[in-house]
Amino acid sequence: MQTLHVAVDESTRSLQGIALGELLHRQWGGTMTLISVVASPEQADKRRAALVAALDRQELGSHRESLEIVTGDAAEVLAGLASDPGKGLLCMTSHGRRPAPELLLGSVAAETVRRAGAW
């Protein structure tokens with residue numbers, strides 16, 4: 001049985017990815033988890049609390065039990081999931097920034113794809 005990992009943070013855009021994850025999960029089967037990456041262990045409790053509150057506000061509280069907080073570089077952790085078929089599938093959203101803002105602000109989604117070699 002495979003796992004569908006849906007990458008989330010507290011942003012509205014990221015939480016919208018849960019709906020896509022649910023569609024994929026219904027078609028694909030397996031299990032679905034929400035994964036959120038923080039830079040340091042000290043940030044884990046704050047991120048979990050923020051995500052639980054956001055999930056409850058958007059009536060997605062049923063996903064609280066599948067929420068996993070991981071420490072590390074977000075693009076590296078997510079690329080590790082995306083590049084190893086044995087770990088399942090990765091579902092994530094993007095802000096869809098144009099090149100100039102992406103150059104200034106960066107893009108975890110774009111960096112994840114580059115590191116995973118999944119394109």
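Reader: Is Ser62 buried or exposed?

Author: Ser62 is exposed, because its relative accessible area is 65%. The model discussed here is predicted. Ser62 sits in the loop between helix 2 and strand 3. Its C-alpha lies 9.9 Å from that of Val52, and the two residues are 10 apart in sequence.

The surroundings of this loop may be described next. Helix 2 covers residues 44-57, and strand 3 covers residues 67-71. Ala53 belongs to helix 2 and is partly exposed, because its relative accessible area is 34%. From Ala53 to Arg64 the distance is 9.6 Å between C-alpha atoms, with 11 residues of separation in sequence. Arg64 also takes part in a salt bridge with Asp56, in which the closest N and O atoms are 3.3 Å apart. Both partners have an intermediate accessibility: Arg64 is partly exposed at 39%, and Asp56 is partly exposed at 37%.

Side chains of opposite charge can pair when their charged atoms come close. The count of salt bridges in this model comes to two. Besides the pair of Arg64 and Asp56, there is a salt bridge between Glu10 and Arg47, whose closest N and O atoms are 2.6 Å apart. This pair links distant parts of the chain, since Glu10 is in the loop between strand 1 and helix 1 while Arg47 is in helix 2, 37 residues apart. The two partners fall into separate accessibility classes. Glu10, with a relative accessible area of 38%, is partly exposed, whereas Arg47 counts as buried because its relative accessibility is 17%, and the limit for a buried residue is under 20%.

The wider fold gives these elements their setting. The protein chain contains five helices and four strands, and from the N terminus on they follow the order β-α-β-α-β-α-β-α-α. Of its 119 residues, 34% count as buried. Among contacts between residues at least 6 apart in sequence, 70% join residues at least 24 apart. The accessible surface of the chain is about 7,300 Å², and 53% of that surface belongs to carbon and sulfur atoms.

The largest nonpolar core has 16 residues, and the members that touch the most other members are Val6, Val8, Leu15, Ile18 and Leu34. Strand 1, helix 1, strand 2 (31-38), helix 2 and strand 3 each supply at least two residues of this core. Helix 2 gives the largest share, four residues. A second, separate core has six residues, including Ala7, Ile35, Val37 and Leu81. As for Ile18, its contacts beyond four places in sequence are Val6, Val8, Met32, Leu34, Leu55, Leu60 and His63.

Ser14 is buried, because its relative accessible area is 6%, whereas Ser62 is exposed at 65%. The side chain of Ser14 reaches the backbone nitrogen of Asp9 at 2.7 Å. Leaving aside residues up to four places away in sequence, Ser14 touches Ala7, Val8, Asp9 and Thr93. Together with Leu20 and Leu23, Leu24 makes a nonpolar surface patch of about 240 Å².

The side chain of Thr3 makes a polar contact with the side chain of Thr31, at 3.1 Å. When residues up to four places away in sequence are not counted, Thr3 touches Trp28, Thr31, Thr33, Lys87, Gly88 and Leu89.

Terms used. Residues are numbered from 1 along each chain as its sequence is written. This is a predicted model: local features need pLDDT of at least 70, side-chain atom pairs count only at pLDDT 80 or more; totals for chains, interfaces and linings use all residues. Side-chain values use heavy atoms; hydrogens and water are left out. A polar contact is a pair of N or O atoms within 3.5 Å; within protein, one must be able to donate a hydrogen and the other to accept it, and residues adjacent in sequence count only if both atoms are side-chain atoms. Contact means heavy atoms within 4.5 Å. Patches are made of residues with over 30% relative accessible area and no salt bridge: like charges are joined within 9 Å, nonpolar side chains (Val, Leu, Ile, Met, Phe, Trp, Tyr) within 5 Å. Accessible areas come from the Shrake-Rupley method with a 1.4 Å probe; for residues, only the protein chains shown count as cover. A salt bridge is a side-chain nitrogen of Lys or Arg within 4 Å of a carboxyl oxygen of Asp or Glu. Buried means under 20% relative accessible area, exposed over 50%, partly exposed in between (1.4 Å probe, protein chains only). A nonpolar core is a set of buried Ala, Val, Leu, Ile, Met, Phe, Trp, Tyr and Cys residues joined through side-chain atoms within 4.5 Å.
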